[in-house]
Amino acid sequence: MTALAGLLVMAGIVVGLGRSRARRRRRQQAAIDRALGFTVDLIAVVLGSGGTIRQAVALVAAEGPAPVRPFFQAVLDRSMAGHLLVDALGEASIELGPAFHPLLGTLANAEVDGAPVGAVLTRLSDDVESRDRWRDDASAGRLPVALLPPLVVCLLPAVVVGAIVPLAIVALGHLR
């Protein structure tokens with residue numbers, strides 16, 4: 001019986017740790033996805049002012065949003081170690097997730113072909129901005145639902161104590 005209980009406790013711990021890891025991974029991926037807009041803007045500024053893709057990557061690695069800095073630093077490190085910048089960007093695209101595929105794919109294509117990326121970055125920035133606006137609107141729509149339980153828990157007892165109890169006391173006083 002004790003062995004079964006011990007096994008159940010261990011299984012619960014393993015399941016809890018797995019859920020915790022998955023929740024942490026989702027939060028980290030959400031932070032990376034939120035950093036896309038600022039990252040696109042930084043890269044567009046560097047490339048728009050005549051900088052190279054390597055300089056844009058270096059700026060994001062140094063001054064970009066905190067969740068994506070390590071990935072862009074890894075791109076720089078790989079390219080300094082002799083890998084092609086295109087290959088390093090491809091690896092970072094896989095690590096950063098699907099939200100970054102268009103940006104890093106565009107940078108890789110520009111590195112190979114030398115194609116201008118200004119219009120693509122502008123369109124990508126607009127897409128990211130509209131996606132962020134939609135996400136914020138959806139979040140704002142969920143706010144009243146999230147505030148309902150605290151409101152009921154805090155306001156209902158106050159109404160009962162402040163309005164109904166005094167009326168009940170007065171009513172009981174008139175019955176005698």
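This is a predicted model: local features need pLDDT of at least 70, side-chain atom pairs count only at pLDDT 80 or more; totals for chains, interfaces and linings use all residues.

Colleague: Fine. Which residues of the largest nonpolar core touch the most other members?

Modeller: Ile 43, Phe 72, Leu 89, Phe 100 and Leu 103, out of 34 residues in that core. A nonpolar core here is a set of buried Ala, Val, Leu, Ile, Met, Phe, Trp, Tyr and Cys residues joined through side-chain atoms within 4.5 Å. Buried means under 20% relative accessible area, exposed means over 50%, and partly exposed is in between, with a 1.4 Å probe and protein chains only.

Colleague: Which elements give two or more residues to this core?

Modeller: α2 (36–48), α3 (53–63), α4 (69–80), α5 (85–96), α6 (101–113) and α7 (118–175). The largest share, six residues, is from α2. Helices are DSSP runs of H or I with at least four residues, numbered from the N terminus.

Colleague: Back to Ile 43. What does it touch?

Modeller: Not counting residues up to four places away in sequence, Ile 43 touches Ala 56, Val 60, Phe 72, Leu 103, Leu 107 and Leu 121. Contact means heavy atoms within 4.5 Å.

Colleague: Switching to charges. How many salt bridges does the structure hold?

Modeller: Five. The term means a side-chain nitrogen of Lys or Arg within 4 Å of a carboxyl oxygen of Asp or Glu. One of them joins Arg 78 and Glu 91, at 2.9 Å from N to O. That pair links distant parts of the chain, with Arg 78 in helix α4 and Glu 91 in helix α5, 13 residues apart.

Colleague: Is Arg 78 buried or exposed?

Modeller: Arg 78 counts as buried because its relative accessibility is 17%. Glu 91, at 33%, counts as partly exposed.

Colleague: What else does Arg 78 form a salt bridge with?

Modeller: Glu 95, with the closest N and O atoms 2.8 Å apart. This pair also links distant parts of the chain, 17 residues apart, from Arg 78 in helix α4 to Glu 95 in helix α5. Glu 95 is partly exposed, at 37% relative accessible area.

Colleague: And what does Arg 131 pair with?

Modeller: Asp 132, where the closest N and O atoms are 3.2 Å apart. Arg 131 is partly exposed at 30%, while Asp 132 is buried at 16%. As for networks, salt bridges that share partners join Arg 78, Glu 91 and Glu 95 into one.

Colleague: New topic, α3. Which of its residues are buried?

Modeller: Ile 53, Ala 56, Val 57, Val 60 and Ala 61 are buried in α3. They line one face of the helix, because seen down the axis of α3 they fall within an arc of 135°. The arc is that of the directions from the helix axis to the C-beta atoms. An α-helix has 3.6 residues a turn, so residues three or four places apart point the same way.

Colleague: What covers that buried set in α3?

Modeller: The cover includes α2, α4, α5 and α6.

Colleague: Where is Leu 96, and what is it in contact with?

Modeller: Leu 96 is in helix α5, and at 0% relative accessibility it counts as buried. Leaving aside neighbours within four places in sequence, Leu 96 is in contact with Gln 29, Ile 32, Asp 33, Val 68, Phe 71, Phe 72 and Leu 104.

Colleague: What about Ser 93, buried or exposed?

Modeller: Ser 93 counts as buried, at 10% relative accessibility.

Methods. Residues are numbered from 1 along each chain as its sequence is written. Side-chain values use heavy atoms; hydrogens and water are left out.
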